Amino acid sequence: MTSWANSGSRDLHLDLSSVLRPGARGVRELLTTALRDAVRSGRLAVDTTLPPARSLAADLGLARNTVAEAYAALVAEGWLASRQGSGTWVVNGGNRSPTVQPRGTAGTPTHNLLPGSPDVSAFPRSQWLASARRALTSAPNAALRLGDPRGRPELREALAEYLGRTRGVRASPESIMVCAGTRHSVELLAKTFGAARPIAVEVDALFVFRETIASVGAATAPIGLDELGARVDDLERLDTPAALITAAHQYPHGVPLDPARRTAIISWARRTGGYVIEDDYDGEFRYDRQPIGALQGLDPDRVVYLGSVSKTLSPALRLGWMVLPDDLLDAVIATAGGEQFYVNSIDQLTMADFIVTGRYDRHVRRMRASYRRRREILVAAMSGFDVGISGVPAGLHLLLTLPVGAEQTVLRRAAEAGVALAGLARLRHPLAAADAPQRDGVVINFGTPADHEFAGAVGAICHVLRASGLAG
């Protein structure tokens, strides 16, 4: 028995014959099973409002009490909810039923502390909207067409001023290329350098960049790390066109590149004709020291500077930039294509206005104060556990170094508690030397949770560490 129920312009398809089986107790059980299966399979999504019992009964030719009893049974099981005057609707069954996830997506953790996102609940919506209105109102017609492959001149002019003032970057609007985030910048550079020689990367680093480089057919080669940052002397044994490093705040260890090594890597680039690709990771967020200027300021001819709004505003904007040496500019433009089509011009104009009006500076200062408070709370909470802490002076994350063999235990306990963390093993280059120090650790991104969620996230981390036997 298959029927379409049509009530109040809502169609509800129920295939009652598909659940008919030996031992069924009658039509009510048949209807209950059909509704349950529709919810379980996702055909009836969470928050879907069901027809009133009287209407569904009329459409199916059943007694009203039969439908009402089926609804009541599913409410009791946790599939449906009902309220007088509000009708009946589908809800998450909680522990009584699995949550139906869209195909190809992962479940959402209770506390997401993975790297890659700031507190997006603090996104300056009204200020961004004000800049968007101003930008769109004054936008020339040309801005609504595909244009210069480097991006809108208004944004490049604003970035040249901002980066020079805040990060010590030596840039002109002509040397800046707007990209769809830092990952896109790395992809364009990897394509430009080609696959003949591997690109050098830090041995512990964001695996997404290694994967991006691999996706265009190129390889990567690791260079070591210690308490002074990247081991730039490792570059001497490599035949590489470029080295990708995080000089201001190494991810994940959080150390800045030592001044002597900053000089050394520039000397390597000049001597070999190579390039330094500087990912200015968390460069805006320093707490206990004066900001460390961009490495690019030492030699704009040998350093490619990468930045984005992923940590300051939102990764969903897909808005980043490169400051390119003059002799790389044409090659990267050719790689990118003849027109700017990967970042929409309205967002570029909005960001330009956001910078020029001072709204961006004010937002960064406000978030710097917020993240400083979070960092202090988290560091204080970790003091009672058998862990080391690094990365404290800057950024949105802490690295907890763990006793040997504890990393997998902590990650397993975290997953059980609904806490998403990044382990050092996942960040380590697969070609890391076998005799290199294999430290255990987890990265905690304290920037992601909203303010009202942060205390709960810290409590959850403490629970995980206690459950892992790391209480001091």
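Colleague: Where does arginine 318 lie?
Modeller: In the loop between S14 and strand S15 (320–323). Strands here are DSSP runs of E, at least two residues, and helices are runs of H or I, at least four, both numbered from the N terminus. This is a predicted model, where local features need pLDDT of at least 70 and side-chain atom pairs count only at pLDDT 80 or more, while totals for chains, interfaces and linings use all residues. Residues are numbered from 1 along each chain as its sequence is written, and side-chain values use heavy atoms, without hydrogens and water.

Colleague: Why is arginine 318 called partly exposed?
Modeller: Its relative accessibility is 35%. Buried means under 20% relative accessible area and exposed over 50%, with partly exposed in between (1.4 Å probe, protein chains only). The value falls in between, so arginine 318 counts as partly exposed. Its phi is positive, about 50°, although it is not a glycine.

Colleague: What is phi of aspartate 282, and where does that residue lie?
Modeller: Phi is near 60°, again positive in a residue other than glycine. Aspartate 282 is in the loop between strand S13 (275–279) and strand S14 (303–308).

Colleague: How do you know that aspartate 282 is buried?
Modeller: By its relative accessible area of 3%. That is under the cut-off for buried, so the label holds.

Colleague: Why is arginine 156 called buried?
Modeller: Its relative accessible area is 4%. It lies in helix H5 (residues 153–167). Beyond four places in sequence, arginine 156 touches Asp148, Arg150, Gly151, Pro173, Glu174, Ile176 and Val178. Contact means heavy atoms within 4.5 Å.

Colleague: What makes isoleucine 266 buried?
Modeller: A relative accessible area of 4%, under the cut-off. Isoleucine 266 belongs to helix H8 (residues 259–272). Outside the four places either way in sequence, its contacts are Leu295, Leu298, Asp299 and Val303. Valine 232 is 34 residues away in sequence and 9.8 Å away in space, C-alpha to C-alpha.

Colleague: Which peptide bond is cis?
Modeller: The one joining tyrosine 251 and proline 252, with omega about 15°. Proline 252 is in the loop between strand S12 (242–245) and H8.

Colleague: Why are H11 and H14 called roughly parallel?
Modeller: The axes of helix H11 (residues 359–382) and helix H14 (residues 451–467) cross at roughly 25° and come within 10 Å. Angles under 35 degrees count as roughly parallel, over 145 as roughly antiparallel, 65 to 115 as roughly perpendicular and the rest as oblique. H11 and H14 are therefore roughly parallel. H11 residues in the contact include Ile377 and Leu378, and those of H14 include Phe454 and Val458. By class, the contact has nine nonpolar, one polar and two charged residues.

Colleague: How do you know that strand S17 is largely enclosed?
Modeller: Five of the six residues of S17 (residues 397–402) are buried, so the rest of the structure largely encloses this strand.

Colleague: What makes S17 a partner of S16 and of S20?
Modeller: Two strands pair if DSSP finds at least two bridges between them. Strand S16 (residues 388–390) and S17 have three bridges, in the antiparallel sense. Serine 390 has leucine 399 of S17 as its bridge partner. Six residues separate the strands of this hairpin, where glycine 391 has a positive phi near 85°. S17 and strand S20 (residues 440–445) have six bridges, also antiparallel. There, leucine 398 stands opposite isoleucine 444.

Notes. Axes are lines fitted to C-alpha atoms, for helices over the stretch in contact, and angles run from 0 to 180 degrees between N-to-C directions. Ala, Val, Leu, Ile, Met, Phe, Trp, Tyr, Cys and Pro count as nonpolar, Asp, Glu, Lys and Arg as charged, and the others, Gly among them, as polar.
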